[in-house]
Structures are given as C-alpha cells and as structure tokens.
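Hi,

Here's the structure I said I'd pass on. Have a look at it first, and then read my notes below.

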Amino acid sequence: MLNVEGLRKTYTGDGRAVEAIRDLTFTVPDGDLTCLVGPSGCGKTTLLKCIAGLLTPSGGTVTLDGTPVTGPPPGMAVVFQEYGRSLFPWMRVAANVELPLRQKRLPRERRRELVHESLAAVGLADAHAAYPWQLSGGMQQRVAIARAIAYEPRVLLMDEPFAAVDAQTRADLEDLIRGLWQRLGVTVLFVTHDIDEAVYLGRRVLILSSSPTVILEDLPIDLPAERDQLHTRATPRFTELRTHVYQQIQAAKNTVHADR
Amino acid sequence: MRGRLALGLAGLAGFLLILEVIPRLGLVSSRYLPPATEIVGALGRELAETAFWTALRDTLNGWVLGLLIAAVAGIALGLLIGAVPLLRELTASTIEFLRPIPSVALIPLVVVLLGTGLESKLVLVVYAAFWQILVQVLYGVRDVDPVADETARAYGLDRSARIVHVLWPTALPFVMTGLRLAAAVALILCVTGELVIGAPGLGTRIAIAQTSGAVADMYALIVVTGLLGVAINVGARAVERRALRWHQSVRSEAAV
Ligand SMILES: Nc1ncnc2c1ncn2[C@@H]1O[C@H](COP(=O)(O)OP(=O)(O)O)[C@@H](O)[C@H]1O
Ligand SMILES: [Mg+2]
C-alpha cells in the first residue's frame with residue numbers, strides 16, 4: 001500500500017520560492033489503478049518525483065508498505081512523459097530493458113526471459129536489436145513500458161506517458177496499460193491532465209486543484225471492469241463522470257481566481 | 001563519393017605539377033624549393049635508411065605515450081570534476097588560467113628541469129593534449145540529460161553505475177572530439193619539441209637536413225610529418241565513427 005501523508009513541496013532557489021504542492025494526503029491500496037488528474041503546472045510531476053524518491057518533500061511523508069520513502073525504493077518503476085530522453089540512445093532496445101535487471105543482479109537467463117516477455121507483452125517482440133531512435137514515438141513509449149514491467153515492480157508510476165503521442169496510438173496504449181494492470185496485478189498510479197483518459201483508465205480518479213495543490217475529490221469510477229474505446233466512451237455514465245470531473249476542475253480554477 | 005575522390009586526386013596532381021614547374025622555370029631557386037621529383041627521390045632515399053625509421057619510431061613513441069598519459073589523466077579528472085559539483089566550482093578558474101598557456105612557452109622550463117631527452121618532449125605533448133581532452137570531457141559531463149539520470153536513479157542505479165551507464169556514454173562524443181584534437185596537437189608538439197630541444201625524432205632529422213644543406217631531404221621529411229598528420233586524423237575519425245554508431249552525428253538510416 002502506498003501512503004502519502006500531508007505532503008508539501010516548495011521549490012526554493014534563485015531567492016524565489018514556488019509552492020508547488022500545499023497539502024496532499026491519500027492512499028493507493030495494493031492492486032489499485034488510481035488516476036491523478038489536474039491542470040498543467042499543478043504539481044503532478046513534482047508529486048510523482050516525491051513518491052519515487054527522486055525529490056525530497058518539504059514536509060509530510062511517503063510510505064510504501066509501511067517503509068518511509070527516502071530514496072528510490074526497490075519495487076517501484078517509473079514511466080516518464082519524455083520517452084525520447086528516458087530511453088538511452090546508446091543502448092539497443094533489449095539493453096535498455098535489461099539494464100535495471102542487471103542492477104538488480106538477476107541471473108542472465110532470468111534477465112533474458114523477462115526482456116523477451118515484456119517486449120512481447122507490449123507488442124515489440126521483433127524490436128530487440130533496434131536503437132530507440134529508430135522507432136516511432138509510440139513504439140519508444142512501449143519500450144519504456146516494457147522496461148517498467150520487466151522490472152517486476154509492485155508499484156508502477158506513470159507521468160503523463162501518452163501526452164506526446166498521436167490519438168490512435170494513445171488509445172492503443174491506454175488499452176495496453178489496462179490489460180497489463182489486470183494481468184499483472186501491479187499497483188498503478190497514473191498521472192494525466194486529460195480528463196477523458198483519467199476516467200477511461202482509472203478504477204478511481206483523484207482530482208487535483210491548480211497550484212498550490214490540494215485534492216478536490218476522490219472519485220470512484222463505477223464503469224465496468226471490461227472497457228473498450230468504442231463502447232465505454234459512448235456510455236451515458238462515462239459522459240456523466242467526465243462532466244463531473246471537468247466541473248470540479250473548473251470550479252477550483254474560479255475559486256483560486258476569486259481569492260486572489 | 002567517387003567523383004570527389006577523383007577531383008581531390010586531380011587537385012593534388014596539379015599541385016605537384018606546379019611544385020615541379022616553378023623551380024624548373026627558375027621562378028624560385030631550387031636551393032630553396034627543389035622540384036617535386038627530387039623531393040620524391042629524397043623521400044625514397046629516406047625510406048631506405050634505418051636512421052629514418054628510428055627517428056619515425058621515436059616521434060611516434062612520444063606521440064603515443066604522451067597522448068595516452070593525457071587521455072587517461074584528462075578523462076579521469078574530467079569525470080571526477082564533472083561528478084562532484086563542488087570540485088567543478090573550485091577548479092573552474094584555475095583551468096581557465098592554465099589552459100591558454102601555449103605548451104611551447106614551457107620549453108625553457110622543461111629543458112632546465114628535465115634536459116633534452118624524451119621526458120621533456122613528453123611533458124610538452126602531455127600538457128598540450130591534456131587540456132584539449134579535459135575541456136571536452138567537462139563539456140560532455142555537463143550534457144547529461146536530467147531525465148536520463150532520473151530514470152537511472154528511479155531504477156536503482158547507484159552513483160558508480162550511473163557514471164558507467166549514463167555519464168560516460170553522454171560524454172563519449174565529446175571525449176572523441178577531445179581525443180581527435182589532442183592527437184593532432186600531440187603530433188605538432190612532438191615535432192616542435194624535437195626541432196627546438198633536439199630530443200630524438202623526425203624533428204631533429206629535419207633540423208640536421210637543414211643545417212647540412214640537404215634541402216630535398218628536408219622537404220621529404222616535412223612531407224612525412226604531413227602524411228602522419230593526415231593518417232592520424234583519418235584514424236581518429238574512424239575510431240570516432242565506430243564508437244558513436246548510436247550518436248546523431250553518425251546515425252545511418254539503417255532498417256530495424
Ligand atoms: N525544479 C523546479 N524549480 C522551481 N520550480 C519548479 C521546478 N519544477 C517545477 N516547478 C514549479 O512547480 C509547479 C509544478 O510543476 P510540475 O510538478 O511540473 O507540474 P505538472 O507536472 O502538474 O505540470 C510549477 O509551477 C513549476 O513551475
Ligand atoms: Mg508534468
């Protein structure tokens with residue numbers, strides 16, 4: 001279980017302080033798929049980096065299965081938005097996926113197995129020997145996802161992973177993530193600024209205000225577990241939920257402007 | 001590609017022809033500039049002499065050794081300074097002061113300290129080549145992509161693993177540039193050192209040819225140093241292309 005308690009983050013530097021996150025408290029139960037949705041600049045990336053142990057919060061705590069996070073915890077994988085910069089251009093696809101496994105000191109046979117399985121799972125079984133820059137954007141993000149699942153994490157963090165790919169690829173990748181989540185039983189925390197994406201993917205959506213950030217609502221998504229792009233998005237319930245999230249975010253923007 | 005090579009060869013042939021004709025027409029005394037055919041003849045004579053090969057070996061020894069020392073020191077120090085921000089601040093101004101000192105300005109100093117042997121030549125070569133490499137490595141380590149580094153950290157790579165898998169590959173294109181520049185500068189300093197100090201090598205042989213009035217031989221030796229320079233540059237570029245297959249500057253449109 002992932003626990004975020006009273007998390008605060010203020011960036012200081014250049015004699016200027018930016019309060020990115022004011023006060024966030026939430027838990028993500030094991031095996032859940034939680035979407036965090038909030039406007040651009042509201043501190044989603046900041047929050048994810050604090051959870052991943054890449055950034056030290058100014059206050060509050062992050063705990064993973066009862067252990068406080070002070071550095072990158074084992075058993076946590078991250079997929080960044082900037083797939084082009086997150087994959088290493090000097091390594092072939094298979095080596096990119098394998099590198100974290102080598103760091104984990106897994107035996108060679110097991111590493112090869114995991115690389116094969118995970119690349120097959122994202123539909124890139126024949127891209128082992130390619131360099132990342134020889135692939136399209138969508139394929140590169142698939143490699144990053146393969147690297148994450150090969151790591152066999154208990155928690156998978158994703159920071160707007162599909163913000164930079166085209167609409168069709170994006171739909172495919174969304175279904176890929178739901179499929180992997182259902183199959184692997186991994187806990188997923190998925191960050192996005194896209195309301196439709198959050199509602200379509202999540203079992204639950206946490207709505208964030210604009211900066212300084214608090215949680216506006218913890219909304220369970222009561223859509224059926226089997227979802228598909230065509231039908232789910234056309235259901236009245238989907239429309240209701242997305243309209244609700246949209247109104248919440250709009251209302252928050254207006255109140256922030258009102259008390260300035 | 002073929003056409004360019006042909007043009008280049010035609011240009012070279014024209015240049016040699018002019019070199020042949022100018023002294024033959026008496027435009028320049030052949031005491032200062034012998035015709036190209038005589039220079040080629042002298043080159044043939046040189047190649048037949050063991051003393052020439054000894055000199056060539058001495059020059060190349062100094063070059064290889066100096067470049068090796070400079071490379072190891074420059075790369076190790078560059079990575080260290082790059083990995084420790086405090087060291088970067090501490091050394092910045094010192095580097096900016098020491099780097100522009102021309103290596104040849106050290107000649108009197110090294111002659112007093114070390115005499116006129118291989119060591120003196122080495123010091124000159126190492127000093128000149130070291131800065132070329134160090135400065136490039138420092139540029140390279142500054143080029144590390146924060147997203148790549150954070151990815152590595154998120155997947156549990158500790159500092160030394162990140163140096164091997166992120167910092168070093170990022171810096172490699174810069175290291176290669178540094179090595180290529182250093183290789184050229186090292187050759188220049190080798191020959192300069194030999195000419196001025198008299199450390200054994202091609203430079204001394206050029207000086208001897210000059211004082212004994214063997215003008216064609218002197219030109220032949222100059223040609224040899226030129227060819228060495230070309231070979232070093234071609235070799236360095238080939239190494240660079242192999243090591244950086246993945247880099248933008250080299251990437252081919254190879255199919256997956
Ligand atoms: N390294 C940093 N230094 C100072 N301010 C930062 C830094 N990173 C982000 N910020 C600020 O924190 C706020 C939240 O940023 P971010 O977490 O990237 O938002 P999001 O991912 O939701 O778009 C923004 O106002 C941004 O300008
Ligand atoms: Mg962001």
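Which residues in H3(B) meet H10(B), and which residues in H10(B) do they meet? On the H3(B) side they are Phe52(B), Leu56(B), Leu60(B) and Trp63(B), and their partners in H10(B) are Leu221(B), Val224(B), Leu228(B) and Ile232(B). Sorted by class, that contact has eight nonpolar residues, with no polar and no charged ones. Do keep in mind that this is a predicted model.

As for how these two helices sit, H3 covers residues 50-83 of chain B, and its axis comes within 13 Å of the H10(B) axis, crossing at roughly 40°. The crossing is right-handed.

H10(B) also has a contact with H8(B). H8 spans residues 159-197 and H10 residues 215-243, both in chain B; their axes come within 10 Å and cross at roughly 165°. That makes H8(B) and H10(B) roughly antiparallel, and here too H8(B) passes H10(B) in a right-handed crossing.

From H8(B), the residues involved include Leu172(B), Met176(B), Arg180(B) and Leu187(B), while H10(B) brings in, among them, Thr225(B), Asn233(B), Arg237(B) and Glu240(B). The make-up of this contact is 11 nonpolar, four polar and three charged residues.

Cheers

Methods
Residues numbered from 1 in each chain as written. Chains lettered and ligands numbered in written order. Predicted model: local features only at pLDDT ≥ 70, side-chain atom pairs only at ≥ 80, totals over all residues. Heavy atoms only, no water. Axes fitted to C-alpha atoms, helices over the stretch in contact; angles between N-to-C directions. Helix = DSSP H or I, 4+ residues; strand = E, 2+ residues; numbered from the N terminus. Parallel < 35°, antiparallel > 145°, perpendicular 65-115°, else oblique. Left-handed = near helix turned anticlockwise from the far one by under 90°. Contact = heavy atoms within 4.5 Å. Nonpolar A, V, L, I, M, F, W, Y, C, P; charged D, E, K, R; others polar.
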